[in-house]
Amino acid sequence: MVRLIPLVVLVLLPVLPAQTNSASSPGFDASSLDTSVEPCVDFYQFACGTWIAKNPIPPDQPVWGRFEELAERNRTTLRDILEQSSAEDPKRSAIEQKIGDYYASCMDEKGIEAKGAAPLRPELDRIARLPSKAALVDEVIRLHDIGVHALFRFDSAQDFKDSTQVIAEADQGGLGLPDRDYYLKDDPKSVETRKKYQAHVAKMFELLGAAPEKAASQAAIVIEIETALAKGSLDRVSRRDPVKVYHKMSRQQLVAIAPSFAWPKYFQGIGAPPIQSLNVAVPEFFKELDAALKKTTLDDWKTYLTWHLVHAASRLLPSTFVNENFEFYGRTLTGAQELRPRWKRCVDFADSELGEAVGRKYVDRTFGVEGKQRTLKMVEALEKALGRDIQEIPWMTPATKQQALEKLRAITNKIGYPDKWRDYSAVKIVRGDALGNHMRATEFELHRQIVKIGKPLDRTEWYMSPPTVNAYYDAQMNNINFPAGILQSPFFDKSMDDAVNFGGIGAVIGHELTHGFDDQGRQFDAKGNLQDWWTAEDAKEFQKRAGCVADQYSSYIAVDGMKVNGKLTLGENVADNGGLRIAHLALLDTLAGKPPSKIDGFTPEQRLFLNWGRVWCQNRTDEYARLLTTVDPHAPGKYRVNGALSNMPEFQKAFSCKPGQPMVRQDPCRVW
Ligand SMILES: [Zn+2]
């Protein structure tokens, strides 16, 4: 299971299960443009048209773009590492034993089929034997330990108001669908999806041995409980506001809100250090949870817990469970046509659960010193450009500018991989016990998080594994993080000129830096504390400018009639617009004094914009587009390109666009 990402980590791409067939592709290739379209009419089509036509979505994917291409290449490297590590050689290192046996166990389809649901039986029996509602707490502890997110989420987190402290955090959770909106919306599509979900839950009970009628009534119980939890959950747009998910309270206050759950017993059982206070991110959720605890019978809770257990374990159970899980979560929700080959799934599980062990081998094999040095040089150039941009913008007063510059100077950079590798020696990996390995790895991770409560913050930690094709800004650490996985073509290509790399990884660096100053990041200061450093007049001006961006993107169609949510995607769009602008500024600095020589018929500035367009080339299914429009704070690739560039006079000048053309907005938005 993917660990809960802290509330204010801002990533480049959705953090959903990675999906992803092709050989290395260069950072920029002029032959793949669609020159039948003018760049000033639809730049995305101009930059991506031919790529889009030549790269249909593979049947085992819901989306296919440049990120997925690269992730697929990384996955092939990881498979090689995992296969070599799985050879039962007595000379294997401890790390090779863990990742190799984890992978071999996952790949042992025959062994998994032969056991049937037996590996899950002890856990199912524990739930069936629960003697009373008072004993629920013991089972919730056990389920959280093994990666089953029943009822709510519990973790450690930096204190929003004192970023040096790690505190406990309880948050909404307990749902089987990707968002609370799936339970609450009444449009025909939502009703249909909910019906299919209920049918899927029933099917899973049947696979566990229930008669169809019984299974159907069990599914209805699950929906009823989850709907109650969804009603108490905060919507995604509100969750982007740190103030709305910060409610630090004493443990007595939590007990007062939700007295029906034995919190002291839970904290002790889950292995937390003594907790006096914690962040209850969404108090309203815990009130609803309490109401549900009061009115739901023990038998119904057993049904709900059984569903969440089998759901979490399904991917490592026999194929009947795996296929049924794919039918709903793959085909129905994302529009993928085929289950991904087993090796791809097992590589992803290994990366997700033993990420820094697999990642260490990956870095040894792939990541050179040159990549790190050139990236650091670009980071410096981008930071300089953002500093100048802040100094020169006309709408901010000097007092706030000074604070902004102080924050910019305090941003630290993490490139490639951690300085200190995570120690997995406590995780027992047993060859032939796929499900047990998963449960023990999950338990290790949860405990690693929970023992941090009350301890000093470790600033060296990463939330993404080294092979990940993504990047993030962490508002509480005030740092930017670039895993080795993304420091490759088409983002960074050492055979390419600076212009292409500034349009790829340069704009990505700019994007992450700008997150420190988007609608969410701007609420945190240089030390990563939730503290307002803006004058009222500057804050008002920011909101006006951000409102322009929200309105702009809200006008775009994401998929058949469903519009982009401009408020949900606001931070990412501000980051794209700002990041691109400072990447362009940094390129001009780099080019200073040199004659702007053309390559493949394009000037350096044109090549920067072309690579920005190219990194977002993608095809996606309508189903996946619908899912992302609901849950993903990023706009579709097309608008990440056309939305940002149509606001940019620098782009319009580079391609000689004229007023009135579609890529020239009449009232362009600009924050940074
Ligand atoms: Zn981002």
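Two strands pair if DSSP finds at least two bridges between them, where strands (E, at least two residues) and helices (H or I, at least four) are DSSP runs, numbered from the N terminus. You're looking at a predicted model, so local features need pLDDT of at least 70 and side-chain atom pairs count only at pLDDT 80 or more, while totals for chains, interfaces and linings use all residues. Residues are numbered from 1 along each chain as its sequence is written, and side-chain values use heavy atoms, with hydrogens and water left out.

**The sheet**
- Four strands make an open sheet with mixed pairing, in the order β1-β8-β9-β7.
- At the edges sit β1 (9–11) and β7 (412–416), each pairing on one side only.
- β8 (residues 472–474) and β9 (residues 479–483) run antiparallel, joined by three bridges.
- Among the partners across that pair, Asp474 bridges to Asn479 and Tyr473 bridges to Ile480.
- The two strands form a hairpin with four residues between them, and Asn478 in the turn has a positive phi of about 50°.
- β7 and β9 run parallel, with five bridges joining them; Gly416 has Pro483 as its bridge partner in β9.

**Nonpolar cores**
- A nonpolar core is a set of buried Ala, Val, Leu, Ile, Met, Phe, Trp, Tyr and Cys residues joined through side-chain atoms within 4.5 Å.
- The largest one has 205 residues, and Phe152, Tyr266 and Phe286 are among those with the most contacts inside it.
- Helix α14 (residues 298–313) gives the most to this core, with nine residues.
- A second, separate core of five residues includes Val11, Trp462, Met464 and Tyr472.

**A helix crossing**
- Helices α2 (residues 66–86) and α16 (residues 342–353) pack at about 85°, with axes 10 Å apart; the axes are lines fitted to C-alpha atoms over the stretch in contact, and angles run from 0 to 180 degrees between N-to-C directions.
- That makes α2 roughly perpendicular to α16 (the class for 65 to 115 degrees).
- Residues in contact (heavy atoms within 4.5 Å) include Arg75 and Leu82 in α2, and Trp343 and Asp348 in α16.

Technical notes: Angles under 35 degrees count as roughly parallel, over 145 as roughly antiparallel, 65 to 115 as roughly perpendicular and the rest as oblique. Buried means under 20% relative accessible area, exposed over 50%, partly exposed in between (1.4 Å probe, protein chains only).
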